[in-house]
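Please walk me through this structure, starting with its charged pairs and ending with its nonpolar cores.

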Amino acid sequence: ATSFTASTASEIQVHDLNNPQQRARWKAHDADISCLSCSPFSVSMLSGAANGAACMWDLQKRPNKPTRTWLHPAQVVALQMLSQVSLVSAALDGVVALWDVRREGAAVAR
């Protein structure tokens, strides 16, 4: 089993629960990380930050940069994959957005 945590240094850490050693660690954001979510549809993880950035990380590769980044005008507080291509996010300002994960840019719907 694998566990993901976010540190106060804006880093994501990956732990193997059967082994006490850390599997991976990287600086993910330039602001505090406010939420993490794993995709049930692929080997990827999502992270949201206080500066409004939402990122997708490919965990099959060494995650040194996100595979996709989307921007909210406020702190991201929730991320959830709805399908292989759809992501829903919520921000502290009450905005809920639907994104197509195949591309960066504007939300499909708000």
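Which side chain meets that of Arg 25 in a salt bridge? The partner is Glu 11, at 2.8 Å from N to O. A salt bridge here is a side-chain nitrogen of Lys or Arg within 4 Å of a carboxyl oxygen of Asp or Glu. The pair links distant parts of the chain, since Arg 25 lies in strand 3 (residues 22-27) and Glu 11 in strand 2 (residues 11-16), 14 residues apart. Helices (H or I, at least four residues) and strands (E, at least two) are DSSP runs, numbered from the N terminus.

This is a predicted model, in which local features need pLDDT of at least 70 and side-chain atom pairs count only at pLDDT 80 or more, while totals for chains, interfaces and linings use all residues. Residues are numbered from 1 along each chain as its sequence is written, and side-chain values use heavy atoms, with hydrogens and water left out.

Buried means under 20% relative accessible area, exposed means over 50%, and partly exposed lies in between (1.4 Å probe, protein chains only).

In total, the structure holds 3 salt bridges. Asp 100 takes part in one with Arg 102 (2.8 Å, N to O) and in another with Arg 103 (3.1 Å, N to O). Through these shared partners, Asp 100, Arg 102 and Arg 103 are joined into one network.

Now to the nonpolar residues. A nonpolar core is a set of buried Ala, Val, Leu, Ile, Met, Phe, Trp, Tyr and Cys residues joined through side-chain atoms within 4.5 Å. The largest one has 13 residues, and Trp 70, Leu 79 and Leu 87 have the most contacts inside it. At least two residues of this core come from each of strand 6 (53-58), strand 8 (76-81) and strand 10 (96-100). Strand 8 gives the most, with 3 residues.

Which residues does Leu 79 contact, leaving aside its neighbours within four places in sequence? Among them are Cys 35, Leu 46, Ala 54, Leu 87 and Val 88, where contact means heavy atoms within 4.5 Å. A second, separate core of 8 residues includes Ile 12, Ala 28, Ile 33 and Cys 55.
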